[in-house]
Amino acid sequence: MSEIRDQVPEKSLERKEVDFMIYLDHAATSFPKPPAVIEAVTDALTNTAANPGRGSYALARQADTVVDRTRQAVKTFFSMPPSGHVLFFPHATGALNQVIKGFPFEPGDHVITTSLEHNAVRRPLGFLEADGMISVSKVPWQETTDAILEKVEDALRLHTKMLIVTHGSNVTGDIWPIQALGELAEAHGICFVVDASQTAGFLSINMETAGMDFLVAPGHKGLLGPQGTGILLAKSDAYDLLPQQHGGTGDSSESMGLPQEWPGRFESGTMNVAGIAGLYAGLKVLQEHGLDELQREKQTLTTQCVEGLRAMNHVTVYGHRSEQIALPVVLFSIADVDAQEAAMILDQSYEIAVRAGLHCAPDAHKWAKTPAGGGLRASFGWSTSKDDIEALLKAVSDIIQAYHGA
């Protein structure tokens, strides 16, 4: 991916006191975007951002083409079964709410999830549980696939209807074995939902062979698209999801009910044509350069960062406990230094952007045993270089020297 990284502009962030910022928060959103993505968004806003599906005039038809070609690109990228559907949402949170709250649960049903989930999964499940609709079991992370499968099987009940897991933790970087979990879910006849918010664009994902019923991904993280884009991939329309949003669809306007056809049934309102055009461009960038090379580069950077931090006194690194592949996410803390304060120092004194706090995943922090205020997270993407990692390590060393004198 070095060819892509060469396109990073010399000034990627305009700020009065900063000429250039080292951006290490790719787990939140990729930045800066590849030039091809920016160009695609600009072109759509300039030439094709009419309302798709709402008119027969040329601009509306062009907008339809933008949306349709991106659906096809998403299907190919994730190896979706021919019977599958691609639904567009403003973000992965909206897609997850649709599949969780819209699932045909009945009172007394049971859901299995994990101890590392983001609030985009944790809170919708908690809402349904508090409402008395479902009960939820959380499986803790285990070091081996066999141990994980054993924990999931132990959690199974007569009325278990869904297994929903994050493919990779945005806190610890741990990756769940979705192939094995998909096989287990299929063997027990339960719906398998995967949140690929951190892995889409980093790991190759084959929806058909992994046995997923639903796959969710944001467009703005590893897929390099703009913010305001999220996707829900459904293996088929076998599960009668209840739409969570009602409004104009361009079809069946005379009816009080939504149309029955997918995907329009779930896409009320004006679609983000410019964002979807940018997502298409992001997918093309990834396909042209290949995920394997990107994964190798990110793994090298992650190892460099983890080893550098672990060599320092007064630093604790969480996760990355084995030699198994992990996400390019490094969570750490500095003894006696509040995470928010350390992040502010990195920002204001070193122009390094990291994320501090609980990262919308408090259960994962509880499991990892981070300090009460959470930790510092450095996450790497297409624009990250070895020099960026060295700059981070030097800055952390300086902070330690300032607080501990060693």
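Contact here means heavy atoms within 4.5 Å. Keep that in mind as you move through this predicted model.

**Stop 1: helix H3**

Select residues 58-77, which form helix H3. How far apart are its end C-alpha atoms? They are 29 Å apart. At 1.5 Å a residue, its 20 residues should span 28 Å, so the two values agree.

Now color the buried residues of H3: Ala60, Ala63, Val66, Val67, Thr70, Arg71, Ala73, Val74 and Phe77. Turn the view to look down the axis of H3. The buried residues fall within an arc of 165°, so they line one face of the helix.

What do these buried residues pack against? Show helix H2 (35-48), strand S2 (85-89), strand S8 (230-234), H8 and helix H9 (291-310). H3 lies across two of these strands, S2 and S8, and runs at about 120° to S2.

Step just past the end of H3. Serine 79 takes a positive phi of about 50° there.

**Stop 2: the sheet**

Show the strands next. An open sheet is built from 7 of them, in the order S2-S8-S7-S6-S5-S3-S4, with mixed pairing. Which strands sit at the edges? They are S2 and strand S4 (134-139), and each pairs on one side only. From one strand to the next, the twist averages 20°. In general, strands of a sheet pair through backbone hydrogen bonds, either parallel or antiparallel.

Zoom in on strand S3 (residues 109-114) and strand S5 (residues 160-166). They run parallel, joined by 3 bridges. Select histidine 110: threonine 160 in S5 stands opposite.

**Stop 3: the cores**

In soluble globular proteins, nonpolar side chains tend to be buried together. Here, the largest nonpolar core has 62 residues. Which residues have the most contacts inside this core? Select Phe78 and Ile231. Then select helix H8 (residues 273-289), which supplies the largest share of the core, 9 residues.

Go back to phenylalanine 78 and show its neighbors. Leaving out residues up to four places away in sequence, phenylalanine 78 touches Ala200, Ile205, Asn206, Met207, Leu215, Ala217, Leu223, Ile231 and Leu233.

Finally, find the other core, which lies apart from the largest one and has 30 residues. Select Val330, Ala343, Ile352 and Ala378, which are among them.

Technical notes:
Residues numbered from 1 in each chain as written. Predicted model: local features only at pLDDT ≥ 70, side-chain atom pairs only at ≥ 80, totals over all residues. Heavy atoms only, no water. Core = buried A, V, L, I, M, F, W, Y, C linked by side-chain atoms within 4.5 Å. Buried < 20%, exposed > 50% of the residue type's maximum accessible area, 1.4 Å probe, protein only. Helix = DSSP H or I, 4+ residues; strand = E, 2+ residues; numbered from the N terminus. Expected span 1.5 Å × (residues − 1). Arc of directions from axis to C-beta. Pairing = 2+ DSSP bridges. Axes fitted to C-alpha atoms, helices over the stretch in contact; angles between N-to-C directions.
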